[in-house]
Amino acid sequence: MRANIFPIYNNSLIVYKEALNNVRGINFFKMPIVEKSNLALLAKKELPEILFITTYPPRECGIATYTQDLRNAIQEKFGHSFSLKVCALNAKETEYNYPDEVKYTVQTDEKEQFIQMANRINSDKNIAMIFLQHEFGLFGGENGNYLLKLMAHLKRPITTTFHTVLPNPNPKLKKVVRKIVDCSDSVIVMTKTSAAILKSDYGIANQKIAVIAHGTHLVTSDETAQNKSKIHLADRIILSTFGLLSEGKSIETAIEALPKIIERFPNVIYLVIGKTHPEVLKRDGEKYRNSLYEKVFELGLQNNVRFINRYLSLQELMDYLQRTKIYLFTSKDPNQAVSGTLAYALACGCPVISTPIPHAKELLDGAGINFDFQNSEQLAEATIKLLFDPKLLKQMRLNALHTISSTSWQNAAIAHVELTKSSLARHKVELKYELPKISLDHIKRLTTSDGMIQFSQISVPDLDSGYTLDDNARALIAVSKHYELTGDVADLELITTYLDFIIFCQQEDGSFLNYVDREGNFFLKNQNENLEDSNGRAIWALGEFSSYQHLFSEKLLNVAKIGLEKALRNAATFHSPRAVAFTIKGLYFYNLEKDNEIIRIMITQLADNLVSKFRGVSDKNWKWFENYLTYANSLLPEAMLYASMSSGSLLYRKIAKTSFDFLLSIIFRDNQIKVISNQGWHHKDKRANDFGEQPIDVTYTILALNTFYNSYGEESYLEKMEIAFNWFLGKNHLHQIVYNPATGGCYDGLEEHHVNLNQGAESTVSYLMARLVFEEILNSKVEVQLYDEVFQTS
């Protein structure tokens, strides 16, 4: 590796890897970084434990599924911070073959078992805290009051999630709920309506209540899903409902609406997805399902209704939902606070027609229509209205995705951990965000045979937005680095595409145009914009690519070399400090192999330009190159450091560190990064807005921190790199993910109250650049740890 942070081991690296392979009988070269990390943590200490008290799969129950999804999300986000175990609730005369994470079980109809379980938990010193999932029917006794025996004896912090909050409680119910709250450090509800009921009807203090929405699964675009779908329903218009079947679902309301809908749209098919609820099955058998079959036959709807009497895998369920034109939610229980099925439908971009339970009233603004309980006439009219208006349906799909995005399971995991951080701190839990696996899925989705498309609508590439030199230059750098680290031969086609696009944009005089339409024509706005930064960025890309002499064919390297040398005719005329800085970076990498004196002189001349700007503006309190901070700020001090590394100039090095540390003092606050807002730059005499953060600026900061850490070895730079990268993973003012692990795309920006869900080229490539920095560092660290292990034990 050219930028290995543990260079002392470089000469022995191959010997050590061969030794490691011989000792362990493994192939280190092909091992994923996660597995390398696990090998390096052989002496890993036992982690503090979070215990979930809940129903759990294979028990078929909505709360069981909810808990499994939440547990998996916390594991995915913070798996090296603590262990996640389950105390499973068993109903009378039932046994389940539970997975390994189930540590305890409780028979809920036996009061004594709750006290025994409290004693077992109290004696387990490793348990740091408890997440308790509450539903009245899950616990024995009147209003589930057996639970109080457990809670009263527990000596661990408890966070209780109320899945149902009943309004207008009778005195006995109110007393039970208040005692549960008294025994809890905090309580979670899933809607604002439920929070309001707890405060008004139960007298619960506001500060004890947190609203964390029901989690949802991230999915790729519906277009992508339909292309890959295994569901073969020809051109049928799909309406659907899913969930464990019971009379409270009021499926007959939808069936009774169908004749009127089918008059207008004969190819409609209504899918009723899911098994009968196990408790209903034990009590009544299939009485309710059979009544629905009879109604379908009575109304002559055999060709328009299909029952899928199975408990579907998550992937199957998402497949059905993404093929659904409209999701029907027909529950007749006005006290049903929340529905996971409703949330999942919205997450798949389904417009929803729903009865007005609190969850639906809060979520469906612009994403669906509410109708009165058991009113099949209203349901039919609403369905017909939407099916007659494809434009409205499409807008509702987009609204659904924007409405529900903040409720992803990843965000739910972050919210739960943030809520309980003080409790976990007592056990000295160090919260560590897990690195997502590297994915080029969205990079490939954005790339055509011509180049990388500029924008996306959510995760669907917008070909009408055309292409830019900027995006293809960044993509060349990022995918070349990916190829260096992984050796994935599929990268070569992408790399060739991006390089060809850069050369296509180069003009006879060596300069570059930036904007290209979908037909391959240059946009007129190329003539009206200052393209210096784009030209500098192209030089950086060609220069860094040229440094991979050991990776790429001579033919490709010559293409880059000729393009770069042609572009340098104009470099001396650049006025933009960022264009100058990009060019310095490109020339530094280009010269690593060449070691050419003329290139060094050119770097010095460009660096002197930045020195002049710095001296003309900086003072005791403002140590910068301009009177304001705009975008890509970290690039400027990083370029000065590269110039120092090229020339040996101590002046460049001093200005690099002074300006960089000044910038870091502004953008790192309260153990969090807040890059300069694009909604008003940070001026010398006026601080920027706090919102309007873009991934590209976080990435430039990470790249610069890495360069400074490699040069200075200061641990504070490494710590800030981790803080900055965690911005993508949810350590930001919204506590929401900016990188989408389902698509491999990165959202376009972090606003004051929401995340911009569009996953364009700039943000997605920027994330990949930042992620690859950590892959390189992790490789280096693990290599050193394993090197020590092998040679100390052999």
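**Exercise 1. Which residue in S15 is the bridge partner of Ser456? Describe the sheet to which S15 belongs.**

*Solution.* The model is predicted: local features need pLDDT of at least 70, side-chain atom pairs count only at pLDDT 80 or more, and totals for chains, interfaces and linings use all residues. Residues are numbered from 1 along each chain as its sequence is written, and side-chain values use heavy atoms, with hydrogens and water left out.

Step 1. The bridge partner of Ser456 in S15 is Pro461, and that of Gln457 is Val460. Strands (E, at least two residues) and helices (H or I, at least four) are DSSP runs numbered from the N terminus. Two strands pair if DSSP finds at least two bridges between them. S14 and strand S15 (residues 460–468) are antiparallel and pair over 4 bridges.

Step 2. The two strands S14 and S15 form a hairpin with 2 residues between them. In its turn, Ile458 has a positive phi of about 55 degrees.

Step 3. The open sheet consists of 3 strands in the order S14-S15-S16, with antiparallel pairing. Strand S14 (453–457) and strand S16 (515–516) are at the edges with a single partner strand each, so one side of each has no neighbour in the sheet.

Step 4. Helix H20 (residues 469–486) packs on this sheet and touches S14 and S15; contact means heavy atoms within 4.5 Å. The direction of H20 makes about 100 degrees with that of S15. Axes are lines fitted to C-alpha atoms, for helices over the stretch in contact, and angles run from 0 to 180 degrees between N-to-C directions.

**Exercise 2. In what order do the strands of the open sheet of 6 strands stand, and which strands does H9 touch?**

*Solution.* Step 1. The order is S10-S9-S8-S11-S12-S13, and the pairing is parallel.

Step 2. At the edges stand strand S10 (305–308) and strand S13 (368–370); each has a single partner strand, so one side of each is left without a neighbour in the sheet. From one strand to the next, the twist averages 20 degrees.

Step 3. S11 and strand S12 (residues 352–354) run parallel and are joined by 3 bridges. Leu328 stands opposite Ile353 in S12.

Step 4. H9 packs on the sheet, where it touches S8, strand S9 (268–273), S10 and S11. Its direction makes about 170 degrees with that of S9.

**Exercise 3. How many salt bridges does the count give, and which parts does the pair Glu247 and Lys332 tie together?**

*Solution.* Step 1. A salt bridge is a side-chain nitrogen of Lys or Arg within 4 Å of a carboxyl oxygen of Asp or Glu. By this rule there are 30 salt bridges.

Step 2. In the pair Glu247 and Lys332, the closest N and O atoms are 3.8 Å apart. Glu247 is in the loop between strand S8 (237–242) and helix H9 (251–264), and Lys332 in the loop between strand S11 (326–329) and helix H13 (340–347), so the pair ties together parts 85 residues apart in sequence.

Step 3. Lys260 forms a salt bridge with Glu381, again with the closest N and O atoms 3.8 Å apart. Because Lys260 lies in helix H9 and Glu381 in helix H15 (residues 376–387), this pair ties together parts 121 residues apart in sequence.

Step 4. Buried means under 20% relative accessible area, exposed over 50%, and partly exposed in between (1.4 Å probe, protein chains only). Lys260 at 31% and Glu381 at 43% count as partly exposed.

Step 5. A network of salt bridges links Glu49, Lys103 and Asp124.
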